[in-house]
Amino acid sequence: PFNHPLVPPRTPTPSPRAPAMARLLVPPLLLGRPIDGAPLSPPKEMHSTYKRTPNTRSISVLLSAPLVLVAGLIVLSFALFDTQWFSTIYTSAADVTAPTLTGQFAPVASDPTAQLPQSIKTVQTPQTPAEPRAPRAIPVTLLFDHEANNFGQSIFLTGTARRFGSNRLAYRIVDVDTRSPANNSWQTRANTPSQQFTSGGAIPKPCVLVTSRPKFAFQWKVANVPQCSLYLIKDEFCNTTSLAQEQVRVDFRQYDDDEKKGLNGGRGIYMPLGPRTDFYEAMLQSLADAAMDETPASGYKPMVAMPTQGVASPWHSFRELPPHLLPSSKRSLVLNAIFSRDTSVSRDTLATVLESHAMLEMTARSKIQIASKWSNDLSAGQMNPRQYLEALKHSVFTLTPSGHNPESYRLFEAVEAGSIPIIALDDFYTTHPCKDGLGMLKRSASQSIVWINDWSELPATLAKLLADPEKLDDMQRGLRVWYEAFMSNRVGSLEDALLADMRRGL
């Protein structure tokens with residue numbers, strides 16, 4: 001009826017305009033106007049003869065008003081109460097940062113603004129929690145008996161015990177002289193003034209007396225440090241029968257005697273020799289020289305900083321061949337044979353084999369230096385420690401004949417240099433007083449060390465091994481993995497025993 005041709009057009013009276021947000025959200029019905037702005041009821045001045053017809057537009061507006069009202073209220077609630085909801089939906093998880101703790105839940109010690117007024121505090125990025133601190137190592141006192149040389153103490157002096165240990169123990173060294181039980185003075189390696197034992201209380205557990213004179217040392221230990229363990233070194237012929245008669249208890253020992261099960265029963269836990277101190281010093285010097293030579297021709301750059309003696313090994317990784325050690329397939333020497341001929345029958349036999357015609361081709365590409373008499377000094381009639389080290393580093397194999405004992409420092413020095421040891425279980429080995437002295441090594445390193453029954457088998461064994469360079473590299477890697485596991489096991493036995501003894505004394 002509002003656009004009837006008989007009804008003159010009417011200009012609607014303007015009404016106060018609602019705010020913009022209200023016009024968008026509140027239905028037109030509440031404002032008193034339809035969508036086109038005209039009144040919802042016909043004007044009173046409409047002609048009286050005109051029959052009013054139903055207002056269909058008003059009816060539709062009335063029907064749709066509740067729906068529009070509900071929609072408007074929903075939008076209004078979003079606008080007023082959750083303005084961040086939309087941005088949260090479209091923000092990826094990677095962009096969301098954890099809220100900073102404030103108030104009573106904020107960490108006081110680590111918050112640099114904890115003492116500032118609330119008005120000037122800044123938002124702090126949550127800090128990564130500190131890693132748990134490693135337990136402190138328990139100090140162990142090593143009492144070194146007066147010795148002419150310290151090779152028997154090499155496992156401690158070279159840091160081998162610490163390198164393969166679990167960091168549960170920290171070693172300190174003091175010097176003692178057990179030749180007289182009345183001599184109860186001791187002195188640290190730092191050249192401090194001598195100190196006196198006071199009824200065994202000056203040296204707490206755990207402590208270890210390291211000696212090659214078990215009878216005298218045991219008497220001295222009972223008189224001065226009864227709380228300490230006894231570590232026997234240099235017993236190359238396993239002469240422990242007299243110790244049993246004298247009721248001398250040995251807690252740790254060099255040179256295994258597998259027949260008597262030397263791991264227990266008062267005969268002592270077996271500890272390997274490890275490399276000698278002079279060899280270790282040559283290793284340190286070799287690494288220092290390589291670190292100074294950074295020319296491209298050397299192909300070497302140090303992986304770690306130079307360690308201090310007694311802390312870590314310069315050749316620290318045993319699962320991967322370090323860059324300054326060549327793989328077996330790229331070494332220039334087939335083998336090295338560096339020993340004194342008079343030490344044992346086994347060595348004399350090996351020297352004869354090396355001089356045979358069958359070994360001529362092999363020895364032409366090897367380092368052979370055999371002295372007629374044994375010397376404690378490598379440089380006397382043989383070679384200095386650095387030359388000896390270089391021979392091992394460039395040799396695929398190291399011949400390891402028995403000396404006074406089937407176990408020798410050369411075995412461990414070869415492994416340290418990445419050279420595969422060859423050992424003969426010959427008549428000298430089978431008849432030695434230390435019965436099956438290499439039994440533990442033989443069972444654990446059957447595939448990593450070359451074992452032969454006699455030195456006469458050496459030429460044929462070498463020819464077979466050298467025919468497969470790839471297998472040699474695999475043997476070399478396996479040797480280093482075995483060495484790490486074996487040494488860690490033996491040092492772990494030492495640590496376990498000392499800690500158990502300490503707990504018994506608490």
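The following legends describe close-up views of a predicted model.

Residues are numbered from 1 along each chain as its sequence is written, and side-chain values use heavy atoms, with hydrogens and water left out. Because the model is predicted, local features need pLDDT of at least 70 and side-chain atom pairs count only at pLDDT 80 or more, whereas totals for chains, interfaces and linings use all residues.

**Figure 1. Overview of the chain.**
The chain contains 17 helices and 13 strands; helices (H or I, at least four residues) and strands (E, at least two) are DSSP runs, numbered from the N terminus. Of its 506 residues, 41% are buried, where buried means under 20% relative accessible area, exposed over 50%, and partly exposed in between (1.4 Å probe, protein chains only). Among contacts in the chain with a separation of 6 or more, 67% join residues 24 or more positions apart; contact means heavy atoms within 4.5 Å.

**Figure 2. The disulfide of cysteine 207 and cysteine 228.**
A search of the whole structure finds two disulfides, a disulfide being a pair of cysteine sulfur atoms within 2.5 Å. In the pair shown here, the sulfur atoms of cysteine 207 and cysteine 228 are 2.0 Å apart. The torsion about their S-S bond is about -100°, and the disulfide is therefore left-handed. Cysteine 207 belongs to strand 5 (residues 207–211) and cysteine 228 to the loop between helix 7 and strand 6 (229–232), so the link ties together parts that are 21 residues apart in sequence. Cysteine 207 is buried, at 1% relative accessible area, and cysteine 228 also counts as buried, at 4%.

**Figure 3. The disulfide of cysteine 238 and cysteine 434.**
The sulfur atoms of cysteine 238 and cysteine 434 lie 1.8 Å apart and form a disulfide. This link is right-handed, with 110° about the S-S bond. Cysteine 238 is in the loop between strand 6 and helix 8 (241–245), and cysteine 434 is in the loop between helix 14 (427–430) and helix 15 (439–444); the pair therefore ties together parts that are 196 residues apart in sequence. Cysteine 238 counts as buried at 8% relative accessibility, as does cysteine 434 at 0%. When the bonded cysteines of the chain are numbered in sequence order, the pairing reads 1-2, 3-4.

**Figure 4. The buried side of helix 7.**
Helix 7 spans residues 214–224, and its buried residues are Pro214, Ala217, Phe218, Trp220, Lys221 and Asn224. These residues cover an arc of only 165° around the axis, which places them on the same side of helix 7; the arc is that of the directions from the helix axis to the C-beta atoms.

**Figure 5. The nonpolar cores.**
In soluble globular proteins, nonpolar side chains tend to be buried together. A nonpolar core is a set of buried Ala, Val, Leu, Ile, Met, Phe, Trp, Tyr and Cys residues joined through side-chain atoms within 4.5 Å. The largest has 68 residues, of which Phe156, Tyr231, Phe397, Leu399 and Ile422 touch the most other members. Helix 17 (residues 469–505) supplies the largest share of this core, twelve residues. A second, separate core of 17 residues includes Val176, Ile203, Trp220 and Leu232. With neighbours within four places in sequence left aside, the contacts of isoleucine 422 include Phe397, Leu399, Val450, Ile452 and Trp455.

Five strands form an open sheet in the order 10-9-11-12-13, with parallel pairing; two strands pair if DSSP finds at least two bridges between them. Strand 10 (367–371) and strand 13 (450–452) are the edge strands, each pairing on one side only. From one strand to the next, the twist averages 20°. Strand 9 (residues 333–340) and strand 11 (residues 395–399) pair over three bridges in the parallel sense, and leucine 333 has serine 395 as its bridge partner in strand 11. Helix 10 (residues 345–354) packs on the sheet, touching strand 9, strand 10 and strand 11, and its direction makes about 140° with that of strand 9. Helix 12 (residues 385–393) also packs on the sheet, touching strand 9, strand 10 and strand 11, at about 145° to the direction of strand 9. Axes are lines fitted to C-alpha atoms, for helices over the stretch in contact, and angles run from 0 to 180 degrees between N-to-C directions.

**Figure 6. The surroundings of glutamate 495.**
Glutamate 495 lies in helix 17 and is buried, with a relative accessible area of 2%. Not counting residues up to four places away in sequence, glutamate 495 touches Gly165, Ser166, Asn167, Arg168, Leu169 and Tyr171. The C-alpha atoms of glutamate 495 and glycine 165 are separated by 7.7 Å, although the two residues are 330 residues apart along the chain.
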